[in-house]
Amino acid sequence: RGGPSEESFTPLFTYHGYRYVQVEGLPVNWTLTDRNIIAHFVHTNVSSAGDVNFPSNHNLTELQRAIRYTQLSNLHHHPTDCPQ
C-alpha cells in the first residue's frame, strides 16, 4: 500500500491484456485522469526489419502503426493469443 497521496502496484512475472480498466474505492472528490493512472505496453524486445511510411496517406501510416502494435502486444517470448 502506498502513502496517503499515491499507491503503486507493479506485478512481476505476469501480464494481462485488457482494453478497459475499472477502478473502485476512490474518494468522491478524486478525479481519475490519464495523468494519475499509468499502463505499460510490454513485449519482447525485438528489432524491426523495416518500416513503412505513407507520407501522402496518414490513414495508411496509422494502420501500419496499429498493425505493428498489435503484433508486438501478442509477442511475449513467443507469439501469444492467436495461433500463428
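The model is predicted, so local features need pLDDT of at least 70 and side-chain atom pairs count only at pLDDT 80 or more, while totals for chains, interfaces and linings use all residues. Residues are numbered from 1 along each chain as its sequence is written, and side-chain values use heavy atoms, with hydrogens and water left out.

Helices (H or I, at least four residues) and strands (E, at least two) are DSSP runs, numbered from the N terminus. Read from the N terminus, the order is α-β-β. The C-alpha atoms fill a box of roughly 45 × 35 × 20 Å along the principal axes. The radius of gyration of the chain is 18 Å, whereas a compact globule of 84 residues would have one near 12 Å. This radius is taken over C-alpha atoms, and the globule rule is 2.2 Å times the number of residues to the power 0.38.

Of the 84 residues, 7% are buried. Buried means under 20% relative accessible area, exposed over 50%, and partly exposed in between (1.4 Å probe, protein chains only). The accessible surface of the chain is about 8300 Å², and carbon and sulfur atoms account for 54% of that surface. These areas come from the Shrake-Rupley method with a 1.4 Å probe; for residues, only the protein chains shown count as cover. Contact means heavy atoms within 4.5 Å. Among contacts between residues at least 6 apart in sequence, 52% join residues at least 24 apart.

One aromatic pair is found. Rings of Phe, Tyr and Trp (its six-membered ring) pair if their centres lie within 6.5 Å; planes under 30 degrees apart count as stacked, over 60 as edge-to-face and the rest as tilted. Phenylalanine 41 lies in the segment before α1 and tyrosine 69 in helix α1, so the pair ties together parts 28 residues apart in sequence. Phenylalanine 41 is partly exposed, because its relative accessibility is 43%. Tyrosine 69, at 39%, is also partly exposed.

Histidine 43 also sits in the segment before α1 (58-73). Its relative accessibility is 32%, so histidine 43 counts as partly exposed. Beyond its neighbours within four places in sequence, histidine 43 is in contact with Leu72, Leu75 and His76. Histidine 43 and tyrosine 69 are 26 residues apart in sequence, and their C-alpha atoms are 9.5 Å apart in space.
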